[in-house]
Amino acid sequence: GIGVGVLHNVSRSSHNPGCLWLTLQFSNELILLDAATMGVRQVIKCPQILTRPDGTVLRIGGPHCLCECGQSGHIWVALKGSVPCHPGVTGSTKASLASAITRVCCNPEAIKERMEAARAAEGGGKTAPLEVLPEGYAVWRLDPKKYAPKETGAFGGSLYECEPSPPMMAIDKDCNCWVVQDRAPSVMRIDAKTGATEQFRVPLPQDSLQMSDPAVATAPDGGIWATLFGDDGGLVR
């Protein structure tokens with residue numbers, strides 16, 4: 001099409017050989033694509049409402065990235081949404097971040113303009129489940145074979161609320177999901193068996209950007225490595 005869906009992430013599907021998972025952030029869709037033929041195998045709409053245990057309802061954003069568990073075939077989707085992804089726009093005084101505002105992904109007004117363009121291209125958004133500006137953030141777990149778009153809530157999957165906001169994830173050898181958060185100094189772990197979540201605080205210098213961002217990966221020995229963004233950045237295991 002004309003690109004208004006905002007292709008954000010591409011990842012390999014080990015349970016669908018030869019296929020790729022794509023995330024379309026503004027159109028709020030996941031696409032399973034046959035890489036050889038460019039044929040679409042499956043289209044999945046992401047949930048946009050999270051209901052907390054106390055009954056509070058939050059709008060959550062569109063899909064930022066997707067990881068497929070090589071063992072279970074379940075997909076984990078970071079519902080970060082269209083929020084400024086650079087800390088320079090949200091309070092940092094570091095001069096090296098000043099140029100970030102010129103990028104669409106970091107400029108709140110530019111994001112709103114692009115979202116309106118996407119809505120207009122879809123006929124005004126009356127029927128298309130286009131993304132909304134998020135009030136909260138979550139990770140979505142789904143077995144693609146059990147996707148149920150007519151069900152309320154998580155469409156046959158599970159939603160796990162996280163801190164603002166989840167850019168990337170990694171799956172460990174026990175199928176647990178590890179989530180970095182670009183406006184919180186901690187990494188979240190989601191237990192694949194129990195669904196319990198836990199926040200692990202990252203040790204950071206007092207004057208550094210208080211965030212774990214933007215990348216995370218599982219090492220061959222099972223360790224989880226995350227990047228620490230900013231002038232005082234580095235790696236944490």
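The protein chain contains 1 helix and 17 strands, where helices (H or I, at least four residues) and strands (E, at least two) are DSSP runs numbered from the N terminus. This is a predicted model, in which local features need pLDDT of at least 70 and side-chain atom pairs count only at pLDDT 80 or more, while totals for chains, interfaces and linings use all residues. Residues are numbered from 1 along each chain as its sequence is written, and side-chain values use heavy atoms, with hydrogens and water left out.

**Whole chain**

- Of the 237 residues in the protein chain, 49% are buried; buried means under 20% relative accessible area, exposed over 50%, and partly exposed in between (1.4 Å probe, protein chains only).
- The chain exposes about 11700 Å², of which carbon and sulfur atoms supply 54%; accessible areas come from the Shrake-Rupley method with a 1.4 Å probe, and for residues only the protein chains shown count as cover.
- Among contacts (heavy atoms within 4.5 Å) between residues at least 6 apart in sequence, 47% join residues at least 24 apart.

**Helix H1**

- Helix H1 covers residues 108-121, that is 14 residues, and its first and last C-alpha atoms span 20 Å, close to the 20 Å expected at 1.5 Å a residue; the expected span is 1.5 Å times one less than the number of residues.
- The buried residues of H1 are Ala 110, Ile 111, Met 115 and Ala 118.
- Viewed down the axis of H1, these buried residues fall within an arc of 135 degrees, so they line one face of the helix; the arc is that of the directions from the helix axis to the C-beta atoms.
- On the face of H1 turned away from the buried side are the exposed residues Glu 113, Glu 116 and Ala 120.

- In strand S3 (residues 29-34), 6 of the 6 residues are buried, so the strand is largely enclosed by the rest of the structure.
- Glu 29, Ile 31 and Leu 33 point one way from S3, whereas Leu 30, Leu 32 and Asp 34 point the other way; all are buried.
- Strand S2 (residues 19-24) pairs with S3 in the antiparallel sense over 6 bridges; two strands pair if DSSP finds at least two bridges between them.
- Leu 32 in S3 is the bridge partner of Trp 21, and Leu 32 also stands opposite Gln 42 in S4.
- S3 and strand S4 (residues 40-45) are paired in the antiparallel sense over 5 bridges.
- The S2-S3 hairpin has 4 residues between its strands; in this turn, Asn 28 has phi near 60 degrees, a positive value in a residue other than glycine.
- Asn 28 counts as buried, at 0% relative accessibility.
- The S3-S4 hairpin has 5 residues between its strands; in this turn, Met 38 has a positive phi near 65 degrees and is likewise a residue other than glycine.
- Met 38 counts as exposed, at 59% relative accessibility.

**Cysteines**

- A search of the whole structure finds 0 disulfides, a disulfide being a pair of cysteine sulfur atoms within 2.5 Å.
- Cys 67 is in no disulfide, and the nearest cysteine sulfur, that of Cys 65, is 5.1 Å away.
- Cys 67 counts as buried at 16% relative accessibility, and Cys 19 counts as buried at 2%.

- Leu 142 lies in strand S9 (residues 138-142) and is buried, with a relative accessible area of 1%.
- Not counting residues up to four places away in sequence, Leu 142 touches Ile 44, His 74, Ile 75, Tyr 147, Phe 155, Gly 156 and Gly 157.
- The C-alpha atoms of Leu 142 and Ala 154, which are 12 residues apart along the chain, are separated by 8.5 Å.
- Trp 225 lies in strand S16 (residues 224-228) and counts as partly exposed at 36% relative accessibility.
- Leaving aside neighbours within four places in sequence, Trp 225 is in contact with Ala 215, Val 216, Ala 217, Ala 219, Leu 235, Val 236 and Arg 237.
- Trp 225 and Arg 237 are 12 residues apart along the chain, and their C-alpha atoms are separated by 4.5 Å.

**Cis peptide bonds**

- Pro 164 and Ser 165 are joined by a cis peptide bond with omega of about -25 degrees; Ser 165 is in the loop between strand S10 (158-161) and strand S11 (169-171).
- Asp 213 and Pro 214 are joined by a cis peptide bond with omega of about -5 degrees; Pro 214 is in the loop between strand S14 (197-201) and strand S15 (216-218).
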